[in-house]
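Please take a look at the structure below and read along with this short report.

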Amino acid sequence: VIPIHALLQITDPQAPITGYTTFIVFSIIKLVVVFTVYMVAAALLTLAERKISAWIQGRRGPNRVGGRGGWLQPAADGVKNFMKEETEPGNASQPLFSMAPALSFIPAMIVWCVIPFGSPLPTPWGRVDLVVTDLPVGFLFILAIASLGVYGIVLAGWASNNKYSFLGGLRSSAQMVSYEVALGMSTIPVILLAGNVTMTQIIRQQAHSMWNVFNLTIAFIIFLIASLAETNRVPFDLPEAESELVAGYHTEYSAMKFSLFFIAEYANMVTSSALMATLFLGGWDIPFTGWDNAAPFTVLKSILTLGCFLTKTGFFVFVFIWIRWTLPRFRYDQLMSLGWRVMLPAALGYIVLIGTTLLILQAVGVNPGPMHSFVLLMENICVLLLLFVMVDEGRIISPAYGRAQQARIVRLRSRSALPAVTDGAGK
Amino acid sequence: MAITVKRVSRPIPETSYVKATLQGMALTLKHMFEPKITIEYPEQRWELSPRWRGTHRMLTKEDGKARCVACGLCPSVCPSNCIKLVPGEDENGNRYPLVFEIDEFRCIFCGYCQEVCPEDAIHVGQHYENSEYSREGHVYDLERLMAQTHPVSTLWDATDPKGE
């Protein structure tokens, strides 16, 4: 028997929820609302992508279904995908083949349960935190779950029993594992600064000093690039490079299964954007004011902070789409060398740098505040200039024509197991 | 024989990825706000050139009959062999087409038929929407050719190349 009376009790709206039943009811409500909004957002993103790509290319984009804006296009696409015939390759591994789309989608969705999306909402039953669950291990949970996304793609590639799918799956596993390292490393400075892995604490820290995008610019840039790679979007869409691999890991998929991969891509995009907004742009914090972070909490504050969070997330989603329609795809060796030779050392070096700076600031006696942030900001500007003016000279991305010197080629060849070949031998 | 490949030595700024990326992003952002050039087809139409060579049209005399005298020049000149002409002759000895069919599906719209016609009868026209549900539907007979109302093409004139 559900103790209904627990719901009828009126408590202080500013006090945290106490009763077990109330907690469960609100958790279910939050789950349903977040899931619905998330799915609708992922669907609308397909429209956003088509619209933005159209605008970038001087076209208008979908405008036939649902008025000039084409608002019903996602619904039309959905209906089409449901109606389509589902094909299945003869030698596919049936259980894995069916499971793979779900496996690529679910991790992206689970991550959302620890992302706070607004300031606490006062209700007659107590203060409701606008986060599905504020896990104390929040951030580690995200890293753990986000890594699972690669399974969906690898299994899809393997289960399809198709060489292109398989190559796509292999590429994606290599790519995602490589960039996972840099992604994880780039978040260490955030944790160093916040002193906590709980998402709400990370947001609070940013609200009280400065957003991490200014405090930890390099970490932000590394995180942004690694997120692009993690979501398999251009310029890192090698797993589905259509010029080489037909459609990569989802070559054999059709109808709603294919659609689920598509939704998973957008879901990953939203999740990455929300993570970036939370970790580096202060989450739901409204800039230049402490009004939204202080009690008493009101419904207005919740709505405004929610709007703020959605704006930040939307901005990053836009950046994702914008990048996709601007940059060409990397070559595979460029991808790997960027991941291991540039991003990982940069992330590791940055951890050392930030750790040292924080220790020195502590030793000097500068507490978190304007001066603290100013020092970090200046440091970041210096490192940015160093990275992008001095190091980026054909080294970050090796150009297509190669800069290999003769001596280097000879050295590389001498390492090979095959007998050494000199340049003149072919004549 | 060794093949010599030209080695391009590029200045350092050209090898910068970040700078090129930012430039590209700025360019695409700029394009996002520029006027769109899409012509929304069913509602808007492309303004055809006066020299556009599209669906054929048979012009008529004052009495409503086709101008064609069934001389046979157009089937002869037609490179895709899409004109079928069976000539007939009336009691006054005037030739006229018994059958005049153009297969618009075979036609390559070169406009030679209009160029070669001595009677100014067959024309290519400023019209391009001739889709059909069957291949037979593309075979236009004389009535259908005469019933077309679109403007005819003014072919390229060697003496007036700019169309002035």
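The residues lining the largest cavity divide into 14 nonpolar, eight polar and two charged. Here Ala, Val, Leu, Ile, Met, Phe, Trp, Tyr, Cys and Pro count as nonpolar, Asp, Glu, Lys and Arg as charged, and the others, Gly among them, as polar. This is a predicted model, in which local features need pLDDT of at least 70 and side-chain atom pairs count only at pLDDT 80 or more, while totals for chains, interfaces and linings use all residues. Residues are numbered from 1 along each chain as its sequence is written, chains are lettered from A and ligands numbered from 1 in the order in which they are written, and side-chain values use heavy atoms, with hydrogens and water left out.

That cavity holds about 310 Å³ of space. Among the 24 residues that line the largest cavity, A:A146, A:E230, A:T231, A:N268 and A:S272 are the closest to its centre. A search of the whole structure finds three cavities of 30 Å³ or more. A cavity is a set of points, on a 1 Å grid over the protein atoms alone, where a 1.4 Å probe fits but cannot get out, and lining residues have an atom within 4 Å of a point. Grid points are joined across faces, edges and corners, and a volume is the space filled by probe spheres set on the points.

Which helices build this lining? In chain A, α4 (94-110), α5 (138-146), α6 (149-159), α7 (163-194), α10 (217-230) and α12 (255-280) each supply at least two residues of the lining of the largest cavity. The most comes from α12(A), with seven residues. Helices (H or I, at least four residues) and strands (E, at least two) are DSSP runs, numbered from the N terminus.

Helix α12 of chain A also carries A:K257, and the side chain of A:K257 meets that of A:E86 in a salt bridge (3.0 Å, N to O). A:E86 sits in the loop between α3 (73-83) and α4 of chain A and A:K257 in helix α12, so the pair ties together parts that are 171 residues apart in sequence. A salt bridge is a side-chain nitrogen of Lys or Arg within 4 Å of a carboxyl oxygen of Asp or Glu. Is A:K257 buried or exposed? At 13% relative accessibility, A:K257 counts as buried, whereas A:E86, at 40%, counts as partly exposed. Buried means under 20% relative accessible area, exposed over 50%, and partly exposed in between (1.4 Å probe, protein chains only). The C-alpha atoms of A:K257 and A:A346, 89 residues apart along the chain, are separated by 38 Å.

How many salt bridges are there over all chains? The count comes to 12. In general, side chains of opposite charge can pair when their charged atoms come close. In chain A, A:E49, A:R233, A:E265 and A:R324 are linked in a network of salt bridges.

Chain B has pairs of its own. B:D120 forms a salt bridge with B:R67, the closest N and O atoms being 3.9 Å apart. This pair links distant parts of the chain, with B:D120 in the loop between α3 (112-116) and β4 (122-125) and B:R67 in the loop between β1 (54-58) and α2 (73-77), 53 residues apart. The side chains of B:E132 and B:R144 also meet in a salt bridge (2.6 Å, N to O). Here B:E132 lies in the loop between β4 and β5 (139-140) and B:R144 in helix α4 (residues 142-147) of chain B, 12 residues apart.

| Residue | Relative accessible area | Class |
|---|---|---|
| B:D120 | 40% | partly exposed |
| B:R67 | 27% | partly exposed |
| B:E132 | 32% | partly exposed |
| B:R144 | 29% | partly exposed |

A:Y20, A:F23, A:I24, A:I28, A:L31 and A:V32 make a nonpolar surface patch of about 630 Å². Patches are made of residues with over 30% relative accessible area and no salt bridge, with like charges joined within 9 Å and nonpolar side chains (Val, Leu, Ile, Met, Phe, Trp, Tyr) within 5 Å. Accessible areas come from the Shrake-Rupley method with a 1.4 Å probe, and for residues only the protein chains shown count as cover.

Note on methods
On a 1 Å grid over the protein atoms alone, a cavity is a set of points where a 1.4 Å probe fits but cannot get out, and a pocket is an open set with protein on both sides within 12 Å along at least five of seven lines; lining residues have an atom within 4 Å of a point.
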